[in-house]
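Please go through the labels attached to this structure and ask, for each one, what value and what cut-off stand behind it.

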Amino acid sequence: MKTVAEIIEQNAFSHSDLVTLLAAEGDDLKLIYDKAAEVKAKYIGNKVYLRGLVEYSNKCRKNCYYCGIRLGNAKVNRYTIDDDEVVQAAKYIKQLGYGSMVLQSGELMTPTFVDAIERLLLRIHEATDHTLGITLSMGEQSEDTYRRWFDAGAKRYLLRIESSTKELYYKLHPDDNTHSYDIRLEALLTLRKVGYQVGSGVMIGLPFQTLDHLADDLLFLQSLDVDMVGMGPYIEHSDTPLYQYRYLLPSVEHRLELSLKMVAILRIMMKDINIAATTALQTLRADAREQAVVVGANIIMPNVTPQSFRKQYFLYQNKTVVKDDAFAYHEQLEQAIKAIGCEIGYNAHGDSKHFERTPLMSLWGYNY
Ligand code: 5AD
Ligand code: SF4
């Protein structure tokens, strides 16, 4: 069997290589973290790009078993933020020098919703002199919708596959047309075809999840050739069906370690993509996001959702809800980033270098 030291020097990784890396402990784990930091320094540098996150609406047509804002959770007060407030948040993001914003919401496909997002995109661009990069995270949509939003100025899209293994996917979602694995995969291919920089990702430390599943997830993200990845620990929510399996969960420490390992291994595999240090990481431990940056991540998404809505966007419990205003939070974040030897990439979109290098990838869908 190959050693960890041998595996991390390779250029291609088999399923069993990845399982070996995911199981690494002690000195072997340090080798992985050091290699990931070395790859990041060489291909990405020490800049961390910030995306101001606005949680636009918690209305959702889906019933994912793990998610606190699922349709079936009647305890949630549903909201949609006013256009004016979103535009104000966008201006603030620009003022902070973040260079780009992420608009996220539950999944809605109604014509009213699709029109509203299109109008909002145009308004945000106009209000910020067409300087902000805009990323959408609004679930599965038709090709026509993806095109309209692209034409209205969204250039990046995040759609996590959640788990790349069908068998596990259907332990996390109802097995019906609204939650079809195949449709989700198709949506990822469509986004690529339309021309977006495409981001995906998975949850880590789920009940029923094994290292084999996680190794498959890494291979999936690589074969999809994504430009961006956001992946973080699963965190249980008592108002969801998956909560009943919490006795199967790895400990918080283990989930954190697995998440950091996933980030580090992915950085070694996909050297020039954007990798986010997620809020879920920070929820499990205050400094875990910075640690993720040390071992390979280069994107942080500070929450700039207007305060009054934040408590209604609980995908999972104990989510870090920053009570300070965005500016005080920003100053703390800047210090934390400096303390680990990195700096913020101000007033830049911070596009995925991977995407910049592969502009013809819009043809990619035809190979599948
Ligand atoms: N724990 C961690 N992440 C979650 N998400 C949803 N629910 C949870 C949870 N309980 C993630 C999903 C989704 C993203 C917006 O939030 O991966 O794609
Ligand atoms: Fe809706 Fe996304 Fe939550 Fe699923 S994970 S219920 S699609 S908000």
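Axes here are lines fitted to C-alpha atoms, for helices over the stretch in contact, and angles run from 0 to 180 degrees between N-to-C directions. This is a predicted model, in which local features need pLDDT of at least 70 and side-chain atom pairs count only at pLDDT 80 or more, while totals for chains, interfaces and linings use all residues. Residues are numbered from 1 along each chain as its sequence is written, and side-chain values use heavy atoms, with hydrogens and water left out.

Q: Why is helix H3 called oblique to helix H10?
A: The axes of H3 (residues 26-43) and H10 (residues 252-269) come within 8 Å and cross at roughly 45 degrees. Angles under 35 degrees count as roughly parallel, over 145 as roughly antiparallel, 65 to 115 as roughly perpendicular and the rest as oblique, and therefore H3 is oblique to H10.

Q: What makes Lys2 and Asp17 a salt bridge?
A: The term requires a side-chain nitrogen of Lys or Arg within 4 Å of a carboxyl oxygen of Asp or Glu, and the closest N and O atoms of Lys2 and Asp17 are 3.0 Å apart.

Q: Why is Lys75 called exposed?
A: Lys75 has a relative accessible area of 64% and is therefore exposed, while Asp239, with 26%, is partly exposed; these two residues form a salt bridge whose closest N and O atoms are 2.9 Å apart.

How values were computed:
Chains are lettered from A and ligands numbered from 1 in the order in which they are written. Helices (H or I, at least four residues) and strands (E, at least two) are DSSP runs, numbered from the N terminus. Buried means under 20% relative accessible area, exposed over 50%, partly exposed in between (1.4 Å probe, protein chains only).
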